[in-house]
Amino acid sequence: MAIIGMFFQDGLTGSAWGDWALYTASPLRAFEGELGVQAPYGFWDPLDLTADGNKENFLRRRAVEIKHGRVSMYACIGYIVPESIGKFPGSLSPSQGIKFSD
């Protein structure tokens, strides 16, 4: 059954979803020219977050995604560097006796 479905989707007997070029009124077309859209898939939004076609929401989500990606890269560096080159010498809190190496 699944193999027959793949034949229909692959276009052996015709395209299952129709021709994408005919869907000119789709809100997803608003983002086809954006940076990061790659052939042959085009604009990919699996959670339908841009279904309304709102440009401000799209740009805000893109900026937030970049920011979160940068924060997570710094977090990874903060985990890897002390393990590879060692921890800072000295005290973090001299009054409580907590050292960086603790």
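Mentor: Before we start: a residue is called exposed when its relative accessible area is over 50%, buried when under 20%, and partly exposed in between. Keep in mind that this is a predicted model.

Trainee: Okay, what makes tyrosine 74 count as exposed?

Mentor: Its relative accessibility is 64%, and the cut-off is over 50%, so tyrosine 74 counts as exposed. You'll find tyrosine 74 in helix 2, which covers residues 55–85.

Trainee: And why is lysine 55 called partly exposed?

Mentor: Its relative accessible area is 36%. That sits between the 20% and 50% limits, so lysine 55 is partly exposed. Lysine 55 is in helix 2 as well.

Trainee: Which residues does lysine 55 touch, leaving out those up to four places away in sequence?

Mentor: Phe31 and Glu34. A contact means heavy atoms within 4.5 Å.

Trainee: How do you know that the length of helix 2 agrees with its residue count?

Mentor: Take 1.5 Å times one less than the number of residues. With 31 residues, helix 2 should span 45 Å, and its end C-alpha atoms are 45 Å apart, so the two agree.

Trainee: What makes asparagine 54 a cap for helix 2?

Mentor: One of its side-chain oxygens lies 3.0 Å from the backbone nitrogen of glutamate 56, at the N-terminal end of the helix. The limit for a polar contact is 3.5 Å, so a pair at that distance falls within it. Just past helix 2, glycine 86 has a positive phi of about 100°.

Trainee: Which residue has a positive phi although it is not a glycine?

Mentor: Aspartate 48, at about 55°. Aspartate 48 belongs to the loop that links helix 1 (2–10) and helix 2.

Trainee: What makes up the nonpolar surface patch?

Mentor: Tyr74, Ile77, Val81 and Ile85 make it, at about 460 Å². Residues three or four places apart in an α-helix point the same way, because there are 3.6 residues a turn.

Trainee: How about the whole chain: how many helices and strands does the protein have?

Mentor: There are 2 helices and 2 strands, running α-α-β-β from the N terminus. Of its 102 residues, 8% count as buried. The protein exposes about 8,900 Å², with 63% of that supplied by carbon and sulfur atoms.

Note on methods:
Residues numbered from 1 in each chain as written. Predicted model: local features only at pLDDT ≥ 70, side-chain atom pairs only at ≥ 80, totals over all residues. Heavy atoms only, no water. Helix = DSSP H or I, 4+ residues; strand = E, 2+ residues; numbered from the N terminus. Buried < 20%, exposed > 50% of the residue type's maximum accessible area, 1.4 Å probe, protein only. Areas by Shrake-Rupley, 256 points an atom, 1.4 Å probe, with all protein chains shown as cover. Patch = residues over 30% accessible without salt bridge, like charges linked within 9 Å, V, L, I, M, F, W, Y side chains within 5 Å. Salt bridge = Lys/Arg side-chain N within 4 Å of Asp/Glu carboxyl O. Polar contact = N/O pair within 3.5 Å; in protein donor to acceptor, adjacent residues only side chain to side chain.
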